[in-house]
Amino acid sequence: MATTTVTRPVTARPKVKRRTVRFNAEARTAFLFLLPCLVGFLVFYAYPALRGFYLSFTDFDLLKNSGTWVGVDNYKALLQDTLFWNALWITFKYVVINISVQTVLALGIAVLMHRLTQSVIVRSVVLLPWLVPNAVLALLWMWMLDPNLGIVNHWLNAIGVSTQGFLGSESQVIPTIAGINIWKNMGYTALLLFGGLVMIPKSFYEAAAIDGASEWRMFRTITLPLLRPVLALVLVVTVIGSFQVFDTIQIATAGIGGGNPGGPGNASRVLYMYIFQQAFEFNALGYASALAVALIVLLVIVAAIQMKMLRADESDLA
């Protein structure tokens, strides 16, 4: 019996059109507005960062504008540098004092503003110290804390307290610098936290008040849990800023101990100041770049630990 085969016509597969990304008028306008920021980021942040990373593997001489490749020698020297570890320890002490006290005070101010008054005038007054430039602030407190002519020691003497060294004392200089920056920044930090408090629904507090909850219990069971994402962001930003303290110490301690910034001795030589001195006083730009890279790595690790411990990506608001 003969078999017949049926042949079907072969149809060509439809061509898949490639998707092309087209920018509409709004996207082009947005890109044009962002372009200056992007150029500024590339020129003033990205390129210097990459350039500094490269210089950390050289012995670059700033005066000769040249240097030779030394590999990881700068990083080996860093690990054996006692001044580096001392500067890191001093920076750590400053960060602990500054962050702990500033966060507690700022949180208290934010809660008081949220629970008692939300006046714009009060918020403006709280923000005033933050608007003072750091250079002016450092000079002002340097004169006020002067052991001989400073008004603070005159007030202390008036109530029977002996004259304090403050910026001229090895044991007091870091707490003093931390106190200056706490006074300056706690109002700004309080406003950031206040913004997070405003987002918490008032119905939670009203329900807790009906159940007879005290203010402390509402703060512990409502405010803190719901404020956690904002508090985590504030802590990360303030910790990074605290590790970068420089100008206040540079100016405030310049008039102490014969004009030696970072004094007395090495008591206030934080890591940022040590990097500055290595680069522009000791002309060791390659080693200073290695110190800067080490600081960046440290900040990334600290920020990652904070975000993980505080569960910054989670919110109790549903």
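Mentor: Start with one term: a residue counts as buried when its relative accessible area is under 20%. Keep in mind that this is a predicted model.

Now the close look. Ser 56 sits in the loop between helix 1 (25-55) and helix 2 (73-79). Is Ser 56 buried or exposed? Its relative accessible area is 0%, so Ser 56 is buried. Which residues does Ser 56 touch, leaving out those up to four places away in sequence? They are Gly 71, Asn 74, Tyr 75, Gly 286, Ser 289, Ala 290 and Val 293.

Follow two of those leads. Asn 74 is one of the residues touched by Ser 56. The C-alpha atom of Asn 74 is also 8.8 Å from that of Ala 288, although 214 residues separate the two along the chain. Ala 288 belongs to helix 12 (residues 285-310). Its relative accessibility is 4%, so Ala 288 counts as buried too. Setting aside neighbours within four places in sequence, Ala 288 contacts Ile 275, Gln 278 and Ala 279.

Next, the whole protein. It has 12 helices and zero strands. Read along the sequence, the pattern is α-α-α-α-α-α-α-α-α-α-α-α. Of its 318 residues, 36% count as buried. Now take the contacts with a separation of 6 or more: residues 24 or more positions apart account for 67% of them.

Residues 27-47 are 100% helix and 0% strand, with end C-alpha atoms 26 Å apart. Residues 186-205 are 85% helix and 0% strand, and there the end C-alpha atoms are 25 Å apart.

Now another buried residue. Thr 91 lies in helix 3 (residues 82-115). Its relative accessible area is 0%, so Thr 91 is buried. A polar atom of the Thr 91 side chain lies 2.7 Å from the backbone oxygen of Ala 87. Not counting residues up to four places away in sequence, Thr 91 touches Phe 243, Val 270 and Leu 271.

That brings us to helix packing. Two packed helices are described by the angle between their axes and the distance between the axes. Helix 3 packs on helix 9 (residues 215-243) at about 140°, and their axes are 10 Å apart. These two helices are therefore oblique to each other. Helix 3 passes helix 9 in a right-handed crossing. On the helix 3 side, the residues in contact include Thr 91, Tyr 94, Val 95 and Asn 98. On the helix 9 side they include Leu 235, Thr 238, Val 239, Ser 242 and Phe 243.

Finish with a second pair. Helix 4 (residues 120-131) and helix 7 (residues 173-198) pack at about 135°, with axes 6 Å apart. That angle makes helix 4 oblique to helix 7. Here the crossing is left-handed. Helix 4 brings Arg 123, Val 126, Leu 127, Pro 129 and Trp 130. They meet residues of helix 7, among them Trp 183, Tyr 188, Leu 191 and Phe 194.

Key
Residues numbered from 1 in each chain as written. Predicted model: local features only at pLDDT ≥ 70, side-chain atom pairs only at ≥ 80, totals over all residues. Heavy atoms only, no water. Helix = DSSP H or I, 4+ residues; strand = E, 2+ residues; numbered from the N terminus. Buried < 20%, exposed > 50% of the residue type's maximum accessible area, 1.4 Å probe, protein only. Polar contact = N/O pair within 3.5 Å; in protein donor to acceptor, adjacent residues only side chain to side chain. Contact = heavy atoms within 4.5 Å. Axes fitted to C-alpha atoms, helices over the stretch in contact; angles between N-to-C directions. Parallel < 35°, antiparallel > 145°, perpendicular 65-115°, else oblique. Left-handed = near helix turned anticlockwise from the far one by under 90°.
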